[in-house]
Amino acid sequence: MAKKIIVVGASSGIGAEIGKISLKSGNTVGFVARRKDQIEERIQECGSLPDSSKSFSISHDVSNTSEVKALFEKLVKDLGGLDEIYFSAGIMEKVEMDEFNTEKDLRMMRINLEGAIAWLNEAAQYFQKQGNGKIIGISSIAGDRGRVGNPGYNTSKAALNTYLEALRNRLARKGITVLTVKPGFIDTDMTKGMPGLFWLISAEKAATIILNAAKKGKESIYVPARWGLVALVIKSIPSFIFKRLNV
Ligand SMILES: NC(=O)c1ccc[n+]([C@@H]2O[C@H](COP(=O)([O-])OP(=O)(O)OC[C@H]3O[C@@H](n4cnc5c(N)ncnc54)[C@H](OP(=O)(O)O)[C@@H]3O)[C@@H](O)[C@H]2O)c1
């Protein structure tokens with residue numbers, strides 16, 4: 001059956017692929033991101049017309065959290081309801097090993113965490129009233145531990161994991177599922193030019209894995225699954241060793 005879906009962070013990468021696959025499968029999709037021109041290109045790649053009865057696009061910066069309530073209500077009205085929401089918006093600032101930059105760290109918190117809270121709280125309230133729905137948050141394996149490379153990014157994703165877990169525990173008894181997605185390395189704008197990448201998979205492949213997990217009502221996944229083993233090792237390294245490692 002066709003579903004009504006919102007994807008936040010849908011102009012490129014994982015979110016764009018989630019939106020495209022959903023649209024091509026006959027669902028009605030609301031695409032949200034700052035770059036409306038990119039969203040419209042993604043919609044046209046599916047052979048659809050932007051802002052037709054099947055696809056809607058909204059230009060929005062998720063750090064403007066005060067706008068979210070009205071945008072969410074408008075989008076749900078345009079879509080004619082809501083079954084699933086994917087929050088994939090995110091940034092990873094470049095941070096040098098000896099750099100402690102409050103502006104960059106707080107920007108990541110505002111987009112990766114506060115943006116997610118603003119959108120997903122609206123969805124949680126809506127689904128709670130409706131008695132069903134799916135919430136999917138794209139976090140990262142980087143949230144599993146505080147690493148030397150990017151403290152602000154790690155923190156934004158660790159906090160997002162806890163927020164999503166709490167939503168899941170609150171909403172499970174109301175028939176709503178919440179999926180935490182922890183990708184490893186995915187080939188997107190975010191990782192372009194990054195050294196030392198391995199096990200890289202395409203955004204399309206990642207989106208397919210995420211959509212399947214959401215369909216099955218899973219609670220937490222690594223993308224692809226083998227990153228779960230890496231996470232297990234990383235989480236079990238004692239602190240006195242971990243602080244000497246460059247991971
Ligand atoms: N690529 C990886 O290896 C990897 C690994 C682990 C986790 N992730 C997570 O996966 C998610 C998607 O990233 P990606 O790899 O697909 O990278 P991407 O291609 O750079 O996509 C990021 C998306 O977030 C949107 N976005 C960024 N800032 C925004 C803002 N202020 N307001 C609204 N939308 C905003 C971008 O749209 P606009 O620029 O048009 O606003 C874009 O659609 C992120 O949360 C990222 O942390 C990625």
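Start at a glycine. A polar backbone atom of Gly 13 sits 3.4 Å from an oxygen atom of the ligand. Keep in mind that this is a predicted model. In Tyr 153, an N or O atom of the side chain is 2.6 Å from an oxygen atom of the ligand. For Lys 157, the corresponding side-chain distance to a ligand oxygen is 2.9 Å. These pairs qualify as polar contacts, since the cut-off is 3.5 Å between N or O atoms.

How much of the ligand's accessible area does the protein cover? On its own, the ligand has 880 Å² of accessible area, and the protein covers 95% of that.

Now widen the view to the whole shell. There are 30 residues around the ligand. Those that come nearest are Ser 11, Arg 34, Arg 35, Tyr 153 and Thr 188. By class, the shell holds 13 nonpolar, twelve polar and five charged residues. Helices contribute too. Both α1 (13-24) and α5 (151-171) supply at least two residues each to the shell.

Next, turn to a pair of packed helices. Two packed helices are described by the angle between their axes and the distance between the axes. Helix α3 covers residues 68-79, and helix α4 covers residues 102-130. They pack at an angle of about 50°, and their axes are 9 Å apart. The two helices are therefore oblique to each other. The crossing of α3 past α4 is right-handed.

Finish with two backbone details in loops. Which form does the peptide bond from Val 223 to Pro 224 take, cis or trans? That bond is cis, with omega near -10°. Pro 224 belongs to the loop between β9 (220-223) and α7 (227-236). The other detail is at Trp 199. Trp 199 is not a glycine, yet its phi is positive, at about 55°. Look for Trp 199 in the loop between β7 (186-187) and β8 (201-202).

Conventions:
Residues numbered from 1 in each chain as written. Predicted model: local features only at pLDDT ≥ 70, side-chain atom pairs only at ≥ 80, totals over all residues. Heavy atoms only, no water. Near = heavy atom within 4 Å. Polar contact = N/O pair within 3.5 Å; in protein donor to acceptor, adjacent residues only side chain to side chain. Areas by Shrake-Rupley, 256 points an atom, 1.4 Å probe, with all protein chains shown as cover. Helix = DSSP H or I, 4+ residues; strand = E, 2+ residues; numbered from the N terminus. Nonpolar A, V, L, I, M, F, W, Y, C, P; charged D, E, K, R; others polar. Axes fitted to C-alpha atoms, helices over the stretch in contact; angles between N-to-C directions. Parallel < 35°, antiparallel > 145°, perpendicular 65-115°, else oblique. Left-handed = near helix turned anticlockwise from the far one by under 90°.
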